[in-house]
Every structure is written in structure tokens, then in C-alpha cells.
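Open the structure in a viewer and keep the selection panel at hand. The stops below are meant to be taken in order.

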Amino acid sequence: MSNIHNLTQLICEKTQIDINDLRSKCRKRKYTYIRYAIMHIAYEAGFVAKDIGIYLGNRDHSTILIGKAHINEVLINENYNAELLAKYRECLEIYNENEL
């Protein structure tokens with residue numbers, strides 16, 4: 001992926017989430033879980049936490065690291081949060097299918 005916008009737009013289209021809702025301050029699970037997945041994928045792809053945070057609604061870099069930590073926890077312990085794990089896997093699959 002060439003940038004965070006492309007990654008986010010692609011995942012939002014495939015998961016039928018409005019990008020403005022994703023970037024908002026809303027804490028509904030359906031947005032939060034997709035946000036966490038994007039945070040983790042973007043960070044692992046080499047984007048800086050500060051830039052990811054700015055793009056995802058002016059969130060602090062520490063918020064990005066916390067989101068990444070949530071994903072790491074479900075990757076270690078699949079029983080930790082099955083719904084979050086499923087959303088992460090869905091987003092990762094979308095990313096892997098469309099990586100440039």
C-alpha cells in the first residue's frame with residue numbers, strides 16, 4: 001500500500017464502514033475493531049504511529065500503540081477476543097490481497 005489513506009479506504013469499502021465514522025471519535029465496537037486492525041497493519045507496514053494517529057482522527061501516537069497491543073494480545077491468545085481477531089483477520093486478508 002502506498003499510503004495510509006489507500007489502506008483505510010480499501011478496508012472501509014470491503015467492510016462497508018464509512019471512512020468518516022472510522023476517523024471519528026465514536027467508540028462503537030464495529031469502528032474500534034476496524035481502527036485497531038488498521039493501526040496494526042499500517043504500523044507493521046512501516047508507517048509511523050504519529051502519522052497513523054493523525055490520519056485516523058488526530059489520535060495520539062500512544063493510542064496507536066495501544067490499538068496495536070490489543071491486536072497482539074488476540075494473536076497470542078485467540079480466546080481473548082474472538083470478534084476482534086475475526087475483524088483483524090478480515091482486514092489483513094484485504095490488505096494482503098491488494099498490497100502493491
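This is a predicted model: local features need pLDDT of at least 70, side-chain atom pairs count only at pLDDT 80 or more; totals for chains, interfaces and linings use all residues.

Residues are numbered from 1 along each chain as its sequence is written, and side-chain values use heavy atoms, with hydrogens and water left out.

**Stop 1: two packed helices**

Select residues 4-15, helix α1, and residues 29-44, helix α3. Helices here are DSSP runs (H or I, at least four residues), numbered from the N terminus. Two packed helices are described by the angle between their axes and the distance between the axes. For α1 and α3 the angle is about 145° and the axes are 11 Å apart. The axes are lines fitted to C-alpha atoms over the stretch in contact, and the angle, on a scale from 0 to 180 degrees, is taken between N-to-C directions. The crossing of α1 and α3 is right-handed, a term used when the near helix is turned clockwise from the far one by less than a right angle.

Now show side chains. From α1, pick Leu-7, Thr-8, Ile-11 and Thr-15; they meet Ile-34, Ile-38, Ile-41 and Ala-42 of α3. Contact means heavy atoms within 4.5 Å. By class, this contact has six nonpolar residues, two polar ones and no charged ones. In that scheme Ala, Val, Leu, Ile, Met, Phe, Trp, Tyr, Cys and Pro count as nonpolar, Asp, Glu, Lys and Arg as charged, and the others, Gly among them, as polar.

**Stop 2: the salt bridges**

How many salt bridges are there? The count is three, where a salt bridge is a side-chain nitrogen of Lys or Arg within 4 Å of a carboxyl oxygen of Asp or Glu.

Select Glu-83 and Arg-29, whose closest N and O atoms are 3.2 Å apart. Glu-83 is in helix α6 (residues 82-98) and Arg-29 in helix α3, so this pair ties together parts that are 54 residues apart in sequence. Glu-83 is partly exposed at 38% relative accessible area, and Arg-29 is partly exposed at 48%. The classes are buried (under 20% relative accessible area), exposed (over 50%) and partly exposed (in between), with a 1.4 Å probe and protein chains only.

Next take Glu-44 and Lys-68, joined by a salt bridge of 3.1 Å, N to O. Here Glu-44 belongs to helix α3 and Lys-68 to helix α5, so the pair ties together parts 24 residues apart in sequence. Lys-68 counts as buried, at 13% relative accessibility.

Then move to Glu-90 and Lys-87, where the N to O distance of the salt bridge is 3.9 Å. Both residues lie in helix α6, three residues apart, about one turn of the helix. Glu-90 is partly exposed at 31%, as is Lys-87 at 27%.

**Stop 3: Tyr-88**

Staying in helix α6, select Tyr-88. Is Tyr-88 buried or exposed? Tyr-88 is buried, with a relative accessible area of 6%. Leaving out residues up to four places away in sequence, Tyr-88 touches Ala-37, His-40, Ile-41, Ile-71 and Leu-75.

**Stop 4: the loop between α4 and α5**

Go to Arg-59, in the loop between α4 (49-55) and α5 (61-76). Arg-59 is buried but has no salt bridge, and the nearest side chain of opposite charge, Asp-21, is 11 Å away. For charge, Lys and Arg count as positive and Asp and Glu as negative; His and the chain ends are not counted. Beyond four places in sequence, the residues that Arg-59 touches include Leu-22, Arg-23, Arg-35 and Met-39.

In that loop, select Asn-58 as well. Asn-58 has a positive phi of about 60° although it is not a glycine, and is exposed at 61% relative accessible area.

**Stop 5: Gln-16**

Gln-16 is not a glycine, yet has a positive phi of about 60°. Gln-16 is exposed, with a relative accessible area of 74%.
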